[in-house]
Amino acid sequence: MDCIFCKIVNGSIPSQKVYEDSEFLAFLDIHPVNKGHLLVIPKEHHETIVDVPPELLSRLMLVVQQAAEAVRQVTHADGFNIVQNNYRAAGQEVPHIHFHIIPRFSDDGLRHWPSKSVSDEEMSSIRQKLKDALHI
Ligand code: AMP
Ligand code: ZN
């Protein structure tokens with residue numbers, strides 16, 4: 001398969017590995033937002049968060065949690081972002097699910113997304129549709 005993260009998993013392209021076990025891998029992002037920017041992936045190829053088997057996703061989140069704390073401690077970050085993009089429209093460039101752990105600093109100059117104005121009617125409408133769509 002022509003997936004760059006699968007190639008990292010099988011060792012055919014190099015990576016700066018930080019953690020590896022039988023199911024997961026954490027490695028440095030080649031274009032870090034800040035130093036210490038880490039990616040955590042399952043070794044099994046799944047494209048987006050909705051494609052990952054729930055049990056695997058649960059275990060993946062535990063690795064993300066531990067890795068985030070390691071990033072925070074080692075970089076002395078003031079905070080961190082966990083970012084996970086799904087599909088191209090949301091900025092997903094590599095179609096193999098990955099969580100970004102991005103150390104953040106009070107003075108790093110990065111901004112969050114701008115907000116949009118949504119009317120009360122639109123808010124009510126989308127709220128109802130979401131309630132109806134969510135079956136847990
Ligand atoms: P996304 O836009 O969420 O799909 O993020 C993909 C991330 O993978 C980007 O931040 C890239 O810098 C990173 N990336 C792409 N190729 C590599 C690679 N060979 N090693 C490490 N990180 C990579
Ligand atoms: Zn893959």
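Let's start at the ligand. The shell around ligand 1 holds eight nonpolar, six polar and two charged residues. Here Ala, Val, Leu, Ile, Met, Phe, Trp, Tyr, Cys and Pro count as nonpolar, Asp, Glu, Lys and Arg as charged, and the others, Gly among them, as polar.

A word on the source. This is a predicted model, where local features need pLDDT of at least 70, side-chain atom pairs count only at pLDDT 80 or more, and totals for chains, interfaces and linings use all residues. Residues are numbered from 1 along each chain as its sequence is written, chains are lettered from A and ligands numbered from 1 in written order, and side-chain values use heavy atoms, without hydrogens and water.

So, who surrounds the ligand? 16 residues do, and the closest are D29, G91, E93, H98 and H100. To count, a residue needs a heavy atom within 4 Å. Helix 1 (4–9) gives the largest share, three residues. Strand 2 (24–28) supplies at least two. Both elements are DSSP runs: helices are H or I, at least four residues, and strands are E, at least two, numbered from the N terminus.

Now the oxygen atoms of ligand 1. One is 2.5 Å from a side-chain N or O atom of D29. For N85, the distance is 2.9 Å, again to a side-chain N or O atom. For H98, a polar side-chain atom lies 2.8 Å from a ligand oxygen.

Last, the rings. The whole structure has one aromatic pair, meaning ring centres within 6.5 Å, for rings of Phe, Tyr and Trp (its six-membered ring). F5 and F27 form this pair, 5.3 Å centre to centre, with 80° between the planes. That is edge-to-face, the label for planes over 60 degrees apart. F5 sits in helix 1 and F27 in strand 2, 22 residues apart.

Technical notes. Polar contact = N/O pair within 3.5 Å; in protein donor to acceptor, adjacent residues only side chain to side chain. Phe/Tyr/Trp six-rings, centres within 6.5 Å; stacked < 30°, edge-to-face > 60°.
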